[in-house]
Amino acid sequence: MYEAELADVYDAIYRGRGKDYEAEAATVAGLVRERHPGAASLLDVACGTGSHLRFFAGLFDHVEGLELSEDMLAVARTRMPGVPAHEGDMRDFELGRTFDAVTCMFSSIAYMRDERELAAAIGRMAAHLVPGGVLVIEPWWFPEKFLPGYVAGDVVTVEGRTLARVSRTVREGDASVMEVHYVVADAATPARHFTVTHVNTLFTREQYEDAFTEAKLRVDYLEGGPSGRGLFAGTLG
């Protein structure tokens, strides 16, 4: 139930918070073409509701998406009926073709629970690259940059709905645990509340880089990035 609830409000919350998916997609496309100038195809892994993918579609000749959540994928397919959107797990997917670029944005990679899963996911993404292709991954916070007990809150009004999001994140071992409370209200229906918990591994920069190297990728770490957590860009071969 909560997956469907989250899919319903996900885009509205982040749009209301000012997240610029179009600008982020353009930045990533630029990074790809700096390393592979002729890049024409792209796979977006953990594409969610397609918020980045729909802008990648205007920057590459052919794009596809991969997503584990059926509810998120349903939104993406409705939004982009002509774009192939596959249901699959980044740890073991096989699409039977390769791409000039593969992306994994918004720290989705941190849902991997340990170094073995991290290596498996990056290995599968690398396996879907052409020689010279580029993998771009947005990491979660490195352990030394994580702020335990961090609290964030937003209230936005989008298309007649008012949405409140309050989160608190703590550290448990090598993972961050974020409990997010949502309240959604509009004129036609009673206010409703639901909670989503995200568990993300606090991988080190070295652990990410080791996984890229294991997958035969030459990797650069770029400071900043869309959310201040940086970006990894790896080139195959």
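Contact means that heavy atoms lie within 4.5 Å of each other. The structure is a predicted model, in which local features need pLDDT of at least 70 and side-chain atom pairs count only at pLDDT 80 or more, while totals for chains, interfaces and linings use all residues. Residues are numbered from 1 along each chain as its sequence is written, and side-chain values use heavy atoms, with hydrogens and water left out.

Figure 1. Helices (H or I, at least four residues) and strands (E, at least two) are DSSP runs, numbered from the N terminus. Along the principal axes, the C-alpha atoms fill a box of roughly 55 × 40 × 30 Å. Of the contacts with a separation of 6 or more, 60% join residues 24 or more positions apart.

**Figure 2. The largest nonpolar core, with 50 residues.** A nonpolar core is a set of buried Ala, Val, Leu, Ile, Met, Phe, Trp, Tyr and Cys residues joined through side-chain atoms within 4.5 Å. Buried means under 20% relative accessible area, exposed over 50%, and partly exposed in between (1.4 Å probe, protein chains only). Among the residues with the most contacts inside this core are Val45, Ile109 and Tyr208. Helix H1 (residues 2–16) supplies the largest share of the core, 7 residues. Apart from this core lies another, of 23 residues, among them Ala25, Ala39, Phe56 and Val136. In soluble globular proteins, nonpolar side chains tend to be buried together.

Figure 3. Beyond its neighbours within four places in sequence, Val45 is in contact with Leu66, Met90, Phe93, Val102, Thr103, Cys104, Met105 and Met125. Ala46 is found in the loop between strand S1 (41–45) and helix H3 (53–56). Ala46 counts as partly exposed, at 23% relative accessibility. Although Ala46 is not a glycine, its phi is positive, about 60 degrees. Most residues other than glycine have a negative phi.

**Figure 4. Phe106 in its loop.** The loop that holds Phe106 runs between strand S4 (99–104) and helix H5 (115–127). Phe106, which is not a glycine, has a positive phi of about 55 degrees.

**Figure 5. Glu24, a buried residue of helix H2.** Helix H2 spans residues 21–35. The relative accessible area of Glu24 is 9%. Not counting residues up to four places away in sequence, Glu24 touches Lys19, His52 and Pro226. Gly82 is 58 residues from Glu24 along the chain, and their C-alpha atoms are separated by 22 Å.

**Figure 6. Thr201, a buried residue of strand S9.** Strand S9 covers residues 192–201, and Thr201 has a relative accessible area of 10%. Leaving out residues up to four places away in sequence, Thr201 touches Ala110, Met112, Arg113, Asp114, Trp140, Asp174 and Ala175.

**Figure 7. Glu159, an exposed loop residue.** Glu159 lies between strand S6 (150–158) and strand S7 (161–172), and its relative accessible area is 74%. Although Glu159 and Ala12 are 147 residues apart in sequence, their C-alpha atoms are 8.4 Å apart in space.
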